[in-house]
Amino acid sequence: MASQQHLEKMQLRQNYRNLWHTDLISTIHRHPLYCCFALWCGPCASYMLRKRALYGDMSRYTCCAGYMPCSGRCGESKCPEFCLCTEVFLCFGNSVASTRFLLQDEFNIQTTKCDNCIIGFMFCLQQIACIFSLVAMIVGSDEIQEASQILSCLADMVYCT
């Protein structure tokens, strides 16, 4: 049932009327300093953006902005600052995409096809890296752990594009 609601929400975003002031492709040209900051400290940028999207009111914080199955089940209300910090470091790709979805839904900003491709590819890389990391822990393989780290790094680079 929840996945059906998320699918409907994604389809609804295609009909939003507003556009981003700067799309993902133009960002590096229009905001080079912020792009450098995001490149060197992606989790810090993600943390700041989510806090800004919540207007500094951390009582509104929910893990992954309510878009993931774990949302609302992580004790966010007790220590939202710590939970957001944990989210941006452990679930970086989900954190970035969730903040984006939060802003889109609040301001009725439509998704472009290019944005969907970049975000979807980043999401896939991050999820595969997570799976590799879990398998590496279970099996005890350094090679699989290294592959996980490479995939995670690639996901971060895709985010920075």
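Reader: Which helix gives the most to the lining of the largest pocket?

Author: Helix 6 does, with six residues. This is a predicted model, where local features need pLDDT of at least 70 and side-chain atom pairs count only at pLDDT 80 or more, while totals for chains, interfaces and linings use all residues. Residues are numbered from 1 along each chain as its sequence is written, and side-chain values use heavy atoms, leaving out hydrogens and water.

Reader: OK, and what do you count as a pocket or a helix?

Author: On a 1 Å grid over the protein atoms alone, a pocket is an open set of points where a 1.4 Å probe fits, with protein on both sides within 12 Å along at least five of seven lines, and lining residues have an atom within 4 Å of a point. Helices are DSSP runs (H or I, at least four residues), numbered from the N terminus.

Reader: How many residues line the largest pocket, and which lie nearest its centre?

Author: There are 29 lining residues, with Trp 20, Tyr 34, Leu 49, Arg 100 and Leu 103 nearest the centre. By class, the lining has 19 nonpolar, eight polar and two charged residues. Here Ala, Val, Leu, Ile, Met, Phe, Trp, Tyr, Cys and Pro count as nonpolar, Asp, Glu, Lys and Arg as charged, and the others, Gly among them, as polar.

Reader: Where does the largest pocket lie relative to the domains?

Author: It lies between domain 1 (24-109) and domain 2 (111-160), because both give residues to its lining. Those bounds come from an automatic or database domain assignment.

Reader: And how many residues of the two domains are in contact?

Author: 16 residues of domain 1 touch 12 of domain 2, contact being heavy atoms within 4.5 Å. The domain centres, taken over C-alpha atoms, are 18 Å apart.

Reader: Switching topic, which residues of helix 3 meet helix 4?

Author: Tyr 34, Phe 37, Ala 38 and Trp 40 in helix 3 do, meeting Gly 42, Cys 44, Ala 45, Met 48 and Leu 49 in helix 4. The residues of that contact split into eight nonpolar, one polar and no charged.

Conventions:
Helix = DSSP H or I, 4+ residues; strand = E, 2+ residues; numbered from the N terminus.
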